Amino acid sequence: MSFNQYPHVFQPLKAGNVRLKNRIQFSPMVCCLTSATGEVTAEYVEFIGFQARTGAALVTIGATPVDDETGSDFYGELAITRDENIAGMARLAEEVHRYGAKLSIELVHAGRGAAPYLLKTPYALAPTPFPVPGGTKYIKEMEQ
């Protein structure tokens, strides 16, 4: 019996013009290490860099809203919709590239599940007004 039942895991993979050094992805994780306004911090760079240092070929930034006005779902999400955050995002890419990995991002919009205390508008943008199960309880807890 072969020790390695998955011989291709550590082989390079090419998708279009992108070449990954192996087939291992560090899956997206929510970490809440950005600033209150979603800017990259030194701690966030360290967190993402650690993931690249594991040897994974692809590091994916977790739950990143495409509209932080109407669709944020937790405090400390990376804000990608503001030009002033581009330099910080470039630091993330540089850190990951230093270890031979690539960086990807999980784009999200919380919709009707958006955290009410994070909304910058009087409503969450969603395709339906139906409440999220447990949503009323959550809203009441946040109001207290």
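Accessible areas come from the Shrake-Rupley method with a 1.4 Å probe, and for residues only the protein chains shown count as cover.

**Entry 1: the whole chain**

I looked up the surface first: the protein exposes about 9100 Å², and carbon and sulfur atoms supply 59% of that area. I noted that this is a predicted model, in which local features need pLDDT of at least 70, side-chain atom pairs count only at pLDDT 80 or more, and totals for chains, interfaces and linings use all residues. Residues are numbered from 1 along each chain as its sequence is written, and side-chain values use heavy atoms, with hydrogens and water left out.

I found three helices and five strands. Helices (H or I, at least four residues) and strands (E, at least two) are DSSP runs, numbered from the N terminus. Along the sequence I read the pattern β-β-β-α-β-α-β-α.

Of the 144 residues, 32% are buried. Buried means under 20% relative accessible area, exposed means over 50%, and partly exposed lies in between (1.4 Å probe, protein chains only). I then checked contacts, meaning heavy atoms within 4.5 Å. Among contacts between residues at least 6 apart in sequence, 64% join residues at least 24 apart.

**Entry 2: Ile61**

I went to strand β4, residues 58–65, which holds Ile61. Ile61 has a relative accessible area of 4%, so it counts as buried. Setting aside neighbours within four places in sequence, I listed the contacts of Ile61 as Pro28, Tyr44, Ile48, Leu78, Leu92, Leu103, Ser104, Ile105 and Glu106. Ile48 is 13 residues from Ile61 along the chain, and their C-alpha atoms are separated by 7.7 Å.

**Entry 3: Glu77**

Glu77 sits in the loop between β4 and α2 (86–98). Which side chain of opposite charge is nearest to Glu77? I found Lys120, at 7.8 Å. For charge, Lys and Arg count as positive and Asp and Glu as negative, while His and the chain ends are not counted. Glu77 is buried and has no salt bridge; a salt bridge is a side-chain nitrogen of Lys or Arg within 4 Å of a carboxyl oxygen of Asp or Glu.

I did find a polar contact between the side chains of Glu77 and Ser72, at 3.4 Å. A polar contact is a pair of N or O atoms within 3.5 Å; within protein, one must be able to donate a hydrogen and the other to accept it, and residues adjacent in sequence count only if both atoms are side-chain atoms. The Glu77 side chain also reaches the backbone nitrogen of Asp73 at 3.3 Å. Beyond four places in sequence, Glu77 is in contact with Thr34, Gly38, Ala63, Pro65, Ser72 and Val108.

**Entry 4: Asp67**

Asp67 is also in the loop between β4 and α2. Its relative accessible area is 23%, so Asp67 is partly exposed. The side chain of Asp67 reaches the backbone nitrogen of Glu69 at 2.9 Å. Not counting residues up to four places away, Asp67 touches Ser72 and His109. I also noted that the C-alpha atoms of Asp67 and Ile80, 13 residues apart along the chain, are separated by 8.8 Å.

**Entry 5: the cysteines**

A disulfide is a covalent bond between the sulfur atoms of two cysteines. Here the cut-off is a pair of cysteine sulfur atoms within 2.5 Å. How many disulfides does the structure hold? I counted zero disulfides. Cys31 is in no disulfide, and its nearest cysteine sulfur is that of Cys32, 6.5 Å away. Cys31 is buried, at 19% relative accessible area, whereas Cys32 is partly exposed, at 38%.
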